[in-house]
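Hi,

Here is the structure I promised to pass on. Have a look at it first, then read my notes below.

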Amino acid sequence: MVRVSIGQDSHRFDFENSDKKLKLGGIFLEGTPLMGNSDADVVLHHIEPFPREVFAALPKLRGIVRYGIGLDTIDVDAATEHGVVVANFPTVTTKEVANHALALMLACTKKLLRLDRDIRSGIRKTSVAPMGSIYGETLGLIAFGNIPHQLVPLAQALGMYVIAYDPYL
């Protein structure tokens, strides 16, 4: 039986035909750096700081898997000194970040924040300038990594033209 802790949630998994004993620890939250996972073998990590002090408190730790881009929140030198393998999963959020970028673009184009603010304050007739159309507009992307690659088909589905510049391509 393996306990997987991610944030405040804990799940149990039973791996058939396995003699491996592996405990996965959760995310470290500020003020509660161990969250009851001091005997964790592997930690699933997101954005919270993972400083040198935490490694000393996790004597059984063998690995950290960061689900996100980069390792800037993990003290990699301390991990190396403690014999802890550090890995990341950089594409785990690319689709949702692209979705979020599109949502923000639509919110700006359709002036949703201004309209929401007016309606909440009791103004039923707003003086917002006409909303622009997104269809037929050109989306210019500076850089063309994983997230822009996911954003392009979303924008094209709305009838936008897409151009991109990336000096590394």
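Glutamate 81 counts as exposed because its relative accessibility is 57% (exposed means over 50% relative accessible area, buried under 20%, and partly exposed in between, with a 1.4 Å probe and protein chains only). Its side chain meets that of arginine 52 in a salt bridge, at 2.7 Å from N to O. By salt bridge I mean a side-chain nitrogen of Lys or Arg within 4 Å of a carboxyl oxygen of Asp or Glu. This pair ties distant parts of the chain together: arginine 52 sits in helix α1 (residues 52–56) and glutamate 81 in helix α2 (residues 76–81), 29 residues apart. Arginine 52 has a relative accessible area of 34%, so it is partly exposed.

Before going on, a word on what you are looking at. This is a predicted model, so local features need pLDDT of at least 70 and side-chain atom pairs count only at pLDDT 80 or more, while totals for chains, interfaces and linings use all residues. Residues are numbered from 1 along each chain as its sequence is written, and side-chain values use heavy atoms, with hydrogens and water left out.

How many salt bridges does the structure hold? There are 5. Two of them are in helix α4 (112–120), including the one between arginine 114 and aspartate 118. Arginine 114 and aspartate 118 meet at 3.4 Å, N to O, and they lie 4 residues apart, about one turn of the helix. Arginine 114 is partly exposed because its relative accessible area is 36%, whereas aspartate 118 is buried because its value is 9%. Arginine 120 and aspartate 116 also form a salt bridge, at 2.9 Å from N to O, and both lie in α4, 4 residues apart. Here arginine 120 is exposed, with a relative accessible area of 68%, and aspartate 116 is partly exposed, with 34%. Elsewhere, salt bridges that share partners join Arg52, Asp75 and Glu81 into one network.

**Strands β7 and β8**

Helices (H or I, at least four residues) and strands (E, at least two) are DSSP runs, numbered from the N terminus. Strand β7 (residues 138–142) pairs with β8 in the parallel sense over 5 bridges; pairing requires that DSSP finds at least two bridges between the strands. Within this pairing, leucine 139 has valine 162 of β8 as its bridge partner. To get from β7 to β8 the chain passes through helix α5 (residues 146–157), and this β-α-β crossover is right-handed (with the strands pointing away from the viewer, the path from the first strand over the helix to the second runs clockwise). Is β8 covered or hardly covered? Hardly covered: of the 5 residues in β8 (residues 161–165), the count of buried ones is 0.

**Loops and a surface patch**

Lysine 111 is partly exposed because its relative accessibility is 27%, and alanine 143 is partly exposed because its value is 34%.

Finally, Val65, Phe89 and Val92 form a nonpolar patch on the surface, with about 220 Å² of accessible area together. Patches are made of residues with over 30% relative accessible area and no salt bridge, joining like charges within 9 Å and nonpolar side chains (Val, Leu, Ile, Met, Phe, Trp, Tyr) within 5 Å; the areas come from the Shrake-Rupley method with a 1.4 Å probe, and for residues only the protein chains shown count as cover. Phenylalanine 89 is in the loop between β6 (85–88) and α3 (94–109) and is partly exposed, at 43% relative accessibility.

Cheers
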